[in-house]
Amino acid sequence: MNTNDKSLNLVDSANDFHKINSRETAISINNVEVSFSTPKGKFTAVKDISLDIKRGEIISLIGHSGCGKSTLMNTISGMVLPTSGEVIANGKVVKGPGPDRGIVFQNYSLLPWMSVYKNIFVAVDSVFKNKSTDEKHAIVNHYIEMVNLTSHKDKLPSQLSGGMKQRVAIARAFAINPSILLLDEPFGALDALTKGSMHIELLKLWNLDNRNKTIVIVTHDIEEAIFLSDKVVVMNNGPAATIKKIVDINLERPRNKKAIAHDPEYIRIHDELLGLLFDKFSIED
Amino acid sequence: MNSFSLKNSISNALYFIGSMLVLIGLWQLVTILTKNEIPGPVATWQVFMELMSEPFYDRGPNDKGIGNQLVSSLIRVFSGFGAGSIVAIPLGLLMGSSKTGMKLLNPIVQILRPVSPLAWFPLGLLAFKAAEGATIFIIMITSLWPTLINTAFGVASIPDDHKNVGKAFGFSTWKYITKIMLPYSIPHIITGLRLSIGVAWMVIVAGEMLSGGVGIGFFVWDSWNALSLERILVAILIIGTVGLLLDKGFNALQNAFSYNQK
């Protein structure tokens with residue numbers, strides 16, 4: 001596959017750039033608490049969250065279901081505003097969603113009455129108000145090609161498999177060229193094989209952009225978190241979840257899915273994360 | 001058309017014919033039981049053929065062909081239905097998209113909806129000083145509620161997933177309305193229109209009995225005064241068939257706009 005060779009080359013040339021650039025803070029979460037008022041009273045989803053994410057970093061938020069990891073990510077996207085504290089993204093306090101932060105939703109969130117092409121075009125058209133129609137079409141075609149969906153571009157979402165829908169959602173998020181990408185359990189509904197190739201595709205897109213985009217992924221998949229991330233943020237169980245630990249993943253990039261499984265460092269991190277996520281259960285047993 | 005769907009439509013046609021035969025049989029039975037007080041299918045058929053031989057004759061204001069009567073009823077229904085829809089759809093969109101709008105308007109709708117449209121007839125007379133205007137007015141009132149309620153419900157049930165797309169990619173209000181709100185709610189709106197036209201077609205008969213003039217409802221009343229039960233039965237069959245065709249038409253529209261089945 002020549003596309004693989006191409007991405008490998010880009011990986012090497014991008015390495016230095018990545019190191020230099022990684023000093024700047026892209027996202028800064030300061031003392032954030034999110035609570036909702038419910039009929040039963042105040043419900044605190046997350047609290048005391050402080051986290052700095054550098055430009056070009058890939059971060060995973062990991063924790064058990066309902067621990068508030070999606071809520072935390074939504075404070076970055078602006079879909080949820082913190083009850084107290086603040087989130088600063090690209091130097092600005094987050095007050096709502098914006099095109100500098102692309103979102104890939106948990107359930108793809110494609111508009112079912114639009115073809116693959118139109119789903120991406122409508123987002124591009126909305127964000128790039130000053131570009132000409134030709135430019136917008138060129139952008140859409142480019143990203144559809146990058147996720148290998150050119151032959152499916154006129155299909156409706158209902159005619160696509162889960163993996164294809166996810167690729168459309170990722171293409172749509174990349175197409176508006178955000179500096180920050182937020183992925184909410186993006187591969188949770190996919191089978192293991194599709195998931196694996198989606199990981200590679202995601203990293204490929206990240207590499208093609210000189211590893212310049214900051215990516216935050218919400219997941220409950222330990223292997224996925226390690227393979228993709230520079231840092232894994234482990235959350236405590238909710239309600240009122242806090243950050244339990246931030247684990248650095250010091251594994252060389254480009255990472256090879258097959259080889260990495262035998263890397264002693266990978267095995268050590270894997271064990272550490274497993275321990276962090278499951279210690280509570282073992283004590284109770 | 002493949003052989004399965006061909007087979008399917010042949011069997012549907014056969015069932016339809018069977019169903020009509022059952023209706024005619026029961027009808028004949030009633031005729032026999034009432035000792036021809038209620039005209040039978042054969043006598044009605046003769047009157048039907050007679051009426052259809054010259055459907056569009058016009059011999060003065062009180063003597064017009066059945067075709068004329070039907071056409072003027074349809075024009076009235078579609079005028080009232082059109083006016084009602086023009087009010088109901090935007091109001092429904094507003095009601096569905098704003099919680100305040102819903103809370104403010106819903107009690108009004110709930111109080112007015114169960115009122116028989118005929119109760120509005122005198123108000124219509126007062127407002128339009130003419131029976132024609134009043135009839136169209138009650139059809140408008142009739143067509144209002146199902147469309148309004150279905151449109152509002154459709155818009156209010158837009159899933160968060162779809163709304164989030166608009167938020168995440170910074171859709172303008174116009175883009176949100178045209179790319180998310182309307183495409184999602186059009187099937188609901190058409191359901192409302194389909195219910196509205198059905199009720200409007202039922203109400204027109206009663207409305208025209210009140211208003212007089214020309215129309216299929218007036219035709220029924222006029223036939224009663226002339227003691228021609230055959231003509232009434234012909235009218236009933238025509239009203240039923242036209243109602244069925246209207247419903248089928250809107251059903252086809254509904255299928256054309258439901259994106260999930262494409």
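The structure is a predicted model, in which local features need pLDDT of at least 70, side-chain atom pairs count only at pLDDT 80 or more, and totals for chains, interfaces and linings use all residues. Residues are numbered from 1 along each chain as its sequence is written, while chains are lettered from A and ligands numbered from 1 in the order in which they are written.

**Exercise 1. Describe the open sheet of four strands in chain A, and state which strands stand at its edges.**

Solution. 
Step 1. Strands are DSSP runs of E with at least two residues, helices are runs of H or I with at least four residues, and both are numbered from the N terminus. Two strands pair if DSSP finds at least two bridges between them.
Step 2. The strand order is S2-S1-S4-S5 (chain A), and the pairing is antiparallel.
Step 3. S2 and strand S5 (92-93) of chain A each have a single partner strand, so they stand at the edges and one side of each lacks a neighbour in the sheet.
Step 4. Strand S1 (residues 25-38) and strand S2 (residues 41-54) of chain A are joined antiparallel over 10 bridges. With two residues between them, S1(A) and S2(A) form a hairpin. Ile29(A) has Leu51(A) in S2(A) as its bridge partner.
Step 5. Strand S4 (residues 84-89) of chain A runs antiparallel to S5(A), with two bridges between them. Here Ile88(A) is placed opposite Val93(A) of S5(A).

**Exercise 2. Determine the order, pairing and twist of the sheet of six strands in chain A.**

Solution. 
Step 1. This open sheet has the order S6-S7-S8-S3-S9-S10 (chain A), with mixed pairing.
Step 2. Strand S6 (101-104) and strand S10 (243-248) of chain A are the edge strands, each pairing on one side only.
Step 3. From one strand to the next the twist averages 15°.
Step 4. A parallel pair is formed by strand S3 (residues 58-62) and strand S8 (residues 214-219) of chain A, over five bridges. Within this pair, Ser60(A) lies opposite Ile217(A) of S8(A).

**Exercise 3. Characterise the contact between the two domains of chain A.**

Solution. 
Step 1. The domain assignment, whose bounds come from an automatic or database source, gives domain 1 (2-100 + 178-189 + 199-284) and domain 2 (102-172) of chain A.
Step 2. Residues are in contact if their C-beta atoms, placed from the backbone, lie within 7 Å. By this criterion, 15 residues of domain 1 of chain A contact 11 residues of domain 2 of chain A.
Step 3. On the domain 1 side, strand S7 (180-184) and helix H6 (192-208) of chain A are the elements that give two or more residues. The largest share of that side, four residues, belongs to S7(A).
Step 4. Ala, Val, Leu, Ile, Met, Phe, Trp, Tyr, Cys and Pro count as nonpolar, Asp, Glu, Lys and Arg as charged, and the others, Gly among them, as polar. The domain 1 side then comprises 10 nonpolar, two polar and three charged residues.

**Exercise 4. Describe how H3(B) and H8(B) pack.**

Solution. 
Step 1. Helix H3 (residues 66-97) of chain B packs with H8(B) at an angle of about 140°, and the axes are 9 Å apart. Axes are lines fitted to C-alpha atoms, for helices over the stretch in contact, and angles run from 0 to 180 degrees between N-to-C directions.
Step 2. The two helices cross in the right-handed sense; a crossing is right-handed if the near helix is turned clockwise from the far one by less than a right angle, and left-handed if anticlockwise.
Step 3. The H3(B) residues of the contact include Gly80(B), Phe81(B) and Gly84(B), and those of H8(B) include Ile197(B), Ala200(B) and Trp201(B).
Step 4. By class, the contact has 11 nonpolar, six polar and two charged residues.

**Exercise 5. Identify which elements of chain B touch chain A.**

Solution. 
Step 1. The contact involves 16 residues from chain B and 19 residues from chain A.
Step 2. Helix H7 (160-168) and helix H8 (173-211) of chain B each give two or more residues to the chain B side. H7(B) provides the largest share, six residues.
Step 3. Seven nonpolar, four polar and five charged residues make up the chain B side.
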